[in-house]
Amino acid sequence: ETKHGGSKNGKKEGLSGSSFFTWFMVIALLGVWTSVAVVWFELVDYEEVLAKAKDFRYNLSEVLQGKLGIYDADGDGDFDVEDAKVLLGKYKHRWIKEAIKEPLKKLKEKQESKKEEIKDEEGKKKARKGKDAADRKDKKAVDVNKLKKDPDKAKKDRGKEKEKSLDKNVKSKEAAKKSASEKDGTTQVGKDKETKKITRKKRNKQSSGLKERSVPAQPTPPESEEAIQPAEKSYVESGKAFPKKKKKPKLLNKFDKTIKAEIDAAEKLRKKGKVEEALRAFEALVSQYPQSPRARYGKAQSEDDLAEKMRSNEMLQKAINTYDEVVSLPNVPSDLIKLSLKREADRQQFLGRMRGSLITLQKLVQLFPSDTSFKNDLGVGYLLIGDNSNAKKVYEEVLSLAPNDGFAKVHYGFILKAENKIAESIPYLKEGLESGDPGTNDGRFYFHLGDALQRMGDKEAYKWYELGYQRGHFASVWQRSLYNVKGLKAQPWWTARETGYTELVKSLEKNWKLIRDEGLAVMDKKRSLFLPEDENLREKGDWSQFTLWQQGRKNENACKSVPKTCALLERFPEATGCRRGQIKYSIMHPGTHVWPHTGPTNCRLRMHLGLVIPKEGCRIRCAQENRTWEEGKVLIFDDSFEHEVWQDAENYRLIFIVDVWHPELTPQERRTLPAI
């Protein structure tokens, strides 16, 4: 076995541990002494290498110095050969250190001798300069003659010389400015650069031809809840003024600052969406520190979030109560009072408790009388309960304090239009929209401004409708309803087949005389059941309606007067169940004109059954097409498109109106869409 290279255990014998170490040491020593030989016998031209390295370093200084600066061992601001020497001295293996010590010493001596040679060379250069000056005097006369012969060339040369010197001056000035700005700790702001933070204590104001406001110092990072947000650009840049950013509200009083860490931990849970855990954490804080306004506010916010998650009105009422408790505590920061009461009013409105919301808003205005935004909210509160008179007074007060308040202007214009003061409403609505103030970019204001201009015969109305369409408030210039379901088929006129409600249309047309006769009987015996149109849609004339179904609810008393008509309709839930529509008789007398207007929603289609139609003088326009009624026939149109009516006949016109769900609405949508 040993003859054949084997061993007793059947494994081949390789290199032993001692022989492996021997070879390793031989290779290592060869590497070291090769390096020493390279240095000792000058196999490499170090001067050339260093020169090239220097050029390379200058070319890429901006890129490399940031990365290599961390290896600056000798404190001269950059990484160079001297730093490499220092770093080499930090190797742990002393035998390597010793091996290279002597060669490095010789290299250093060589560099010193090189420096001496350079000094000698400089002395020789100075001597040569004296000789060159004498030579130049001799050549000057010759040069002058040449210049006389070729003046254009001389001018060009002088121009080049000037450009070069100017270039040098500009570069030197830029370098000086740069170094000055670095010393002062300021940074000039360019067109597309953001303002940089300034950490120096002293700043020197720099003056220039264009006056710019100095960039304000950024404060040290403040505490989370009571922190002030860093100021936005407040300087003038390229002719544009940037407004200052609003300060972050201060929500912590002196006591809350002492428990800030606990509050922040609970708030972190809430922001991560762990609502139940956050609520438990804030409840524990309120139990432990009942005098803490911030802890109680956090509890209210958590209850608010949980109410939304659970879709629970009961939980939302708890949140409203907790918001109210915050304000009753001692030493509550004013910003926290504002946030609590504002949110309380908003949640009360959400629950439909408009009166309660109004009381909360009145409290806000009393506490902060100089804050016009709360007065604006109070005005909206009055509008929500239909108290236009008090809302008008509030907005008049706001406009006396802040004449350019766009929010107050659009709402004041809206109130004037509701009072039928059409011409007076236009400038307020227009200026309010043009202001671009928060709360003004609302489809209702574009709608009412366009409507007011139309009634004044001003074609500028369609400019505002177009703008409303471009800003996403309207489906198109002609279709301007505000309560819509996206994606529904939109066209002004429809056929029975397109709607899919052919059975309803057939039934109406088959029984039109029955429907007409019951309507005429009501006109003769109970004329008071026909109520005048009350939506301020008439320019002139007499237009009244007798309603059987409203928002999907049957009017039992009205149906007693027309029982057969109501029984007929009970078979068609697409009409009786349409909670965004009506079923009614409509009578219009001669001399009536109905302004161009649109319905509130695209979720319905409107059917008109002709009952008593004069031969001439009655017509309806929907979008850009006019049509007329026929007795016993149904017209179908989408009243979310602009439509207009004229009654210039010699006798009254009587029709039967039936609203139906848009055929593309799903059963789920028909069940859940809120009533209009």
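Let's start with Met-25, which sits in helix α1, residues 17-40. (Helices here are DSSP runs of H or I with at least four residues, strands are runs of E with at least two, and both are numbered from the N terminus.) This is a predicted model, so local features need pLDDT of at least 70 and side-chain atom pairs count only at pLDDT 80 or more, while totals for chains, interfaces and linings use all residues. Residues are numbered from 1 along each chain as its sequence is written, and side-chain values use heavy atoms, with hydrogens and water left out.

Nonpolar side chains tend to be buried together in soluble globular proteins. The largest nonpolar core here has 42 residues, and those touching the most other members are Leu-504, Leu-508, Leu-548, Tyr-585, Met-607, Phe-656 and Val-658. A second, separate core has 32 residues, including Ala-319, Val-365, Phe-374 and Leu-416. (A nonpolar core is a set of buried Ala, Val, Leu, Ile, Met, Phe, Trp, Tyr and Cys residues joined through side-chain atoms within 4.5 Å.)

## Helix α16, under cover

Leu-416 also turns up among the buried residues of α16. This helix runs over residues 406-418, and its 13 residues reach 19 Å from first C-alpha to last, close to the 18 Å expected at 1.5 Å a residue. (The expected span is 1.5 Å times one less than the number of residues.)

How many of the 13 residues of α16 are buried? The count is 11, so the helix is mostly covered. Among them are Phe-407, Val-410, Tyr-412 and Ile-415, along with Lys-409, His-411 and Lys-417. The cover includes α14 (372-384), α15 (388-401), α17 (422-435) and α18.

## Charged pairs

Side chains of opposite charge can pair when their charged atoms come close. A search of the whole structure finds 33 salt bridges, each one a side-chain nitrogen of Lys or Arg within 4 Å of a carboxyl oxygen of Asp or Glu. Lys-417 and Asp-451 make one of them, at 2.7 Å from N to O. Lys-417 is in α16 and Asp-451 is in α18, so this pair ties together parts that are 34 residues apart in sequence. Both residues are buried.

Another salt bridge joins Arg-296 to Glu-325, with the closest N and O atoms 3.1 Å apart. It links helix α10 (residues 293-310) to helix α11 (residues 313-328), across 29 residues. Arg-296 is buried at 14%, whereas Glu-325 is partly exposed at 33%. Then there's Glu-642 with Arg-621, at 2.9 Å. Glu-642 is in the loop between β13 (634-637) and β14 (643-647), while Arg-621 is in strand β11 (residues 618-622), 21 residues apart. Glu-642 is buried at 0% relative accessibility, and Arg-621 is buried at 13%. There is also a network of salt bridges linking Glu-267, Arg-270, Arg-294 and Asp-305.

Most residues other than glycine have a negative phi. Arg-311 has a positive phi, near 55 degrees. It lies in the loop between α10 and α11 and is exposed, at 78%. Gln-551 also has a positive phi, of about 55 degrees, although it is not a glycine. Gln-551 is in the loop between β6 (543-550) and β7 (553-554) and is partly exposed, at 22%.

Last up is Glu-460, in the loop between α18 (443-455) and α19 (461-470). Glu-460 is partly exposed, at 24%. Which residues does Glu-460 contact, leaving aside neighbours within four places in sequence? They are Lys-430 and Leu-453, where contact means heavy atoms within 4.5 Å. Glu-460 and Leu-449 are 11 residues apart in sequence and 9.9 Å apart in space, C-alpha to C-alpha.

Note on methods
Buried means under 20% relative accessible area, exposed over 50%, partly exposed in between (1.4 Å probe, protein chains only).
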